[in-house]
Structures are given as C-alpha cells and as structure tokens.
Amino acid sequence: MWIQILLVVAVIVIGLFLARPTGGDSHLAIRRLFMFGFVIVAIVSILFPQWLSYIANLIGVGRGADLLLYALVLAFLISVATTYRRNVQVNRRITHLAREITLARAEAEDALRRAAVVDSAARPEAPARPEAAERVEGTVRVDPPKLDGAAGQVG
Amino acid sequence: MPERRSHVRAQPILFCKNGLMDSSAQVDPRRHSRDTWIVIPLYNEESVIGRVVAELREHFDHIVCIDDGSTDDSVAEAEAAGARVLRHPVNLGQGAALQTGFDYVGTQPGAGYIVTFDADGQHRIEDAMLMLDLAKRDDVAIVFGSRFLDDRTNPGWVKHVVLKTAVWVTNLTTGLQLTDAHNGLRVIRTDAAARITLEQDRMAHATEIVLKLGRTGLPWREFPVELLYTDYSKSKGQSVLNSVNILVDLLVR
C-alpha cells in the first residue's frame, strides 16, 4: 500500500514542478541531486543485493525487481520534466540572441539608408542611391543559409 | 461623448453616424499613415505577401515585416512591395516575430500605434483603419479585433468550437472578457507595447499578449472585424491539433 501513496505523490510533485514558472537553475540542481542519489543506491544494491528486496517488502512491493521498475518509471518522468524545462530555457536564450542579431542588422541597414538619402540629397546628379543600396546588400545582409541547392551552386 | 463600453457591438457603419468619420480629414485614407507602424510576422507567404503589403502601402507609410526564416521568396516579395523587412536568422515562431517587431518600432521616432496584421491576407485594411479611429477617438491603448462580435465571419463549426475553447481558456487565464482569441488584427499603442515582453515564441503568444496587455491596466476595447477565409488562408490556418500545442505551451512553462 505504501508504494501506491509514494508513487502518486511523486508523480504529482513532478507534474507541479513542470507547471511551475521557470525559476533559475533549479532543474540542474535537481538533476545533480538525482544523479548523486542514483550512484549511492547503485553502490548499496551491488554490495547488499538483499537490501532492495528488504525495502520492497517494507513498503508493500513483492520483489526488489518490481521496486526497481517503479523507480525507473519515476526516474524517466523526472528526466523528461527537467529536460523539457531545460529546452524551454535554451529556446528562450536562442530567441533573445536571434532578436539581438535581427535588430542590430536592422539598425545598421537603417543607418546606411539614412546615409544614402543624405548622399543623394547632397549630390543630386550622382547616382548615389543605387550604389549605397548595393553596399547594403554586400556588407550587412546575412541571408539565412539555404539548405537545398546552395552546395550545387557553389561548385 | 459616448459612454465607455468594453465591447463594441455596433457595425462600423454605425460609427460613421456616431461621428467617427464625419469630418473630411477623417475619411482621408491615409489619415493614420504617419504615426502607425504595421507589424507583419512573415513566414513562407511568397504568393500573397506582395499583394498584402502593396494594399497596406496605399494607407500606411510604415510597414515592417519580420521574416521568420522563410525558405521561399517572401523577403524579396515584401521588399519589392515596399515593406521594411527584418530577418530572423533562424525560425523562432510568430510570437517571437511580433516581439521583434515591437522592439523595432519602439526605436522608431514618431511611432504612436502598432497594428499587428497577418501576412496571409485574411484581415481587412478597412477594419484596421476603423480600429485606429476608435483608439484615437476614445484614447484607448489596445483594440482587439474580434470576429465573433457580428455575423460577417463564418469560420465553420469545427474552427468555431476550437476558437471558442481558446477564448474560454484565454478569459480564464487573463481575467479579461474577450469574445475572440487568436485574432491577429490588433491595435496597440506604443507605450502599451513597450510595457510587455512576449516570451511564448509559438502560437500561445495570442493568449499571452492578452494576458500581459491586460495586466498593464491600460484601457482596451474589442472591435468587430471580418476575417476573409480564403482557400489559401484556410490551408495555412491552424489545425485543430495545434490547439493542443497551444494549451501545453500555456500550462507548461
């Protein structure tokens, strides 16, 4: 009976952890604590094989192997939860990075455009605008890599 | 001065009678061209974006497309039609594109209002103009477009159920009482846009934007708009399965 209570509580805690707003590096700390516990339990079960069955009987599980399975299920859930959160944080960082690149590029292009307008206003007879526009193309524009066909064109 | 209502249920034609468009200055089709920036998230819409931008250019000076890593000729089409195109180096999602647009417009001198507009041509420019009229006349910071305030739009019953569920979830989480969620046509005053940061990169931003704008406490309205469900926008539209993604994105952060 104890095992049912333990498992249900553990699953609920993992679920709550998933739904909680992101807070710093807590997922990393939990991962490390979990790994530490895993190492300890592994060593103990190697040294004292009867230990697992003893614990299992204590909390209402028939065999040590069954307890191991339950523990694995929980471990998998925790792993999924922490990995998901980690992914969300990494994605957020990528977004900030990409946005900074986009805005920096836009600022540079705007500055060149303003310069081109001033240029053409100062010398209306000179073809300043097309030149400047080419400069924008050449120096600032960084197109996203084309995955298909680009290699063939290079060769 | 008409009383303040959170829901505007009148047809646009009634607004003309109420005095929204009675002076000659206000029926000028370019009356909002100087202080309004159109923000269009753009992702693989090469067949329609040129026409959408060209039509917007007849009414507005400033059209910003945020290309979200398109693999087709969307960027060239939008630029040829006269839009300012910002390019995400990788695909991030529509919410991320909107936030990039807000950040960019925030740096532009003279920007007073942002209109978010979909690239697939399902919004009517006339609706955007009337929403801007309303925002300026009643000095509200946010105007949400809603397709359910009148019966012009017929999304079909599956989409109707999905959208109404999205509305229900949105109202539940935001505390606002909207009649439509996930409608891409919005008018946001720049000071309101500066006070929010969208962190939902994907489609869940539509609920997030309502939530965060609502938290600013600035005055808001809904305005009846029509969505033009062309075959193209239908084929591009969100599938029912995608609403599962939206729900998970909102609940699991």
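In strand β4 of chain B, the bridge partner of B:Ile38 is B:Val115, where strands, E runs of at least two residues, and helices, H or I runs of at least four, are taken from DSSP and numbered from the N terminus. This is a predicted model, in which local features need pLDDT of at least 70 and side-chain atom pairs count only at pLDDT 80 or more, while totals for chains, interfaces and linings use all residues. Residues are numbered from 1 along each chain as its sequence is written, and chains are lettered from A and ligands numbered from 1 in the order in which they are written.

- Chain B holds an open sheet of 7 strands in the order β3-β2-β1-β4-β6-β5-β7, with mixed pairing; two strands count as paired if DSSP finds at least two bridges between them.
- The edges are taken by β3 (84-87) and β7 (220-224) of chain B, and because each has a single partner strand, one side of each is left without a neighbour in the sheet.
- From one strand to the next, the twist averages 20 degrees, with axes fitted as lines to C-alpha atoms (for helices over the stretch in contact) and angles running from 0 to 180 degrees between N-to-C directions.
- Strands of a sheet pair through backbone hydrogen bonds, either parallel or antiparallel.

**Strand pairs**

- β1(B) is joined to β2(B) by 6 bridges in the parallel sense, and B:Leu42 has B:Asp67 in β2(B) as its bridge partner.
- On β4(B), the pairing with β1(B) is parallel over 4 bridges, whereas the pairing with β6(B) is antiparallel over 4 bridges, with B:Val115 standing opposite B:Val187.
- Strand β5 (residues 142-146) of chain B runs antiparallel to β6(B), to which 3 bridges join it, and B:Ile142 has B:Ile188 as its bridge partner there.
- β5(B) also runs parallel to β7(B), with 5 bridges between them, and in this pair B:Gly145 stands opposite B:Phe223.

- Which residues of β1(B) point each way? B:Thr36, B:Ile38, B:Ile40 and B:Leu42 point one way and B:Trp37, B:Val39 and B:Pro41 the other way, and all are buried, a word used if 20 or more other C-beta atoms, placed from the backbone, lie within 10 Å of a residue's own, with exposed meaning 12 or fewer and partly exposed in between.
- Since 7 of the 7 residues of β1(B) are buried, this strand is largely enclosed by the rest of the structure.
- In β6(B), B:Arg186 and B:Ile188 point one way while B:Val187 and B:Arg189 point the other way, and all are buried.
- Helix α8 (residues 205-215) of chain B has several buried residues, among them B:His205, B:Glu208 and B:Leu213, and the helix is followed by B:Gly217, whose phi is positive, near 75 degrees.

**Helices on the sheet**

- Helix α4 (residues 94-106) of chain B lies across β1 (36-42), β2 (62-67), β3 and β4 (113-116) of chain B, and runs at about 155 degrees to β1(B).
- Helix α5 (residues 125-138) of chain B packs on the sheet and touches β1, β4, β5, β6 (186-189) and β7 of chain B, its direction making about 145 degrees with that of β5(B).

**Positive phi in two loops**

- Most residues other than glycine have a negative phi, and most peptide bonds are trans.
- B:Asn44, although not a glycine, has a positive phi of about 50 degrees; B:Asn44 is found in the loop between β1 and α2 (49-57) of chain B, and counts as partly exposed because 17 C-beta neighbours are inside 10 Å.
- B:Asp139, also not a glycine, has a positive phi of about 55 degrees; B:Asp139 lies in the loop between α5 and β5 of chain B, and counts as exposed because 9 C-beta neighbours are inside 10 Å.

**Chain A and its contact with chain B**

- Chain A has 6 helices and 0 strands, and 8% of its 155 residues count as buried.
- The axes of helix α4 (residues 64-122) of chain A and α4(B) come within 10 Å and cross at roughly 40 degrees.
- That angle makes α4(A) oblique to α4(B), as angles under 35 degrees count as roughly parallel, over 145 as roughly antiparallel, 65 to 115 as roughly perpendicular and the rest as oblique.
- The contact is made by A:Thr95, A:Arg99, A:Thr102, A:Leu103 and A:Ala106 of α4(A) and by B:Ala96, B:Gln99, B:Thr100, B:Asp103 and B:Tyr104 of α4(B), two residues being in contact if their C-beta atoms, placed from the backbone, lie within 7 Å.
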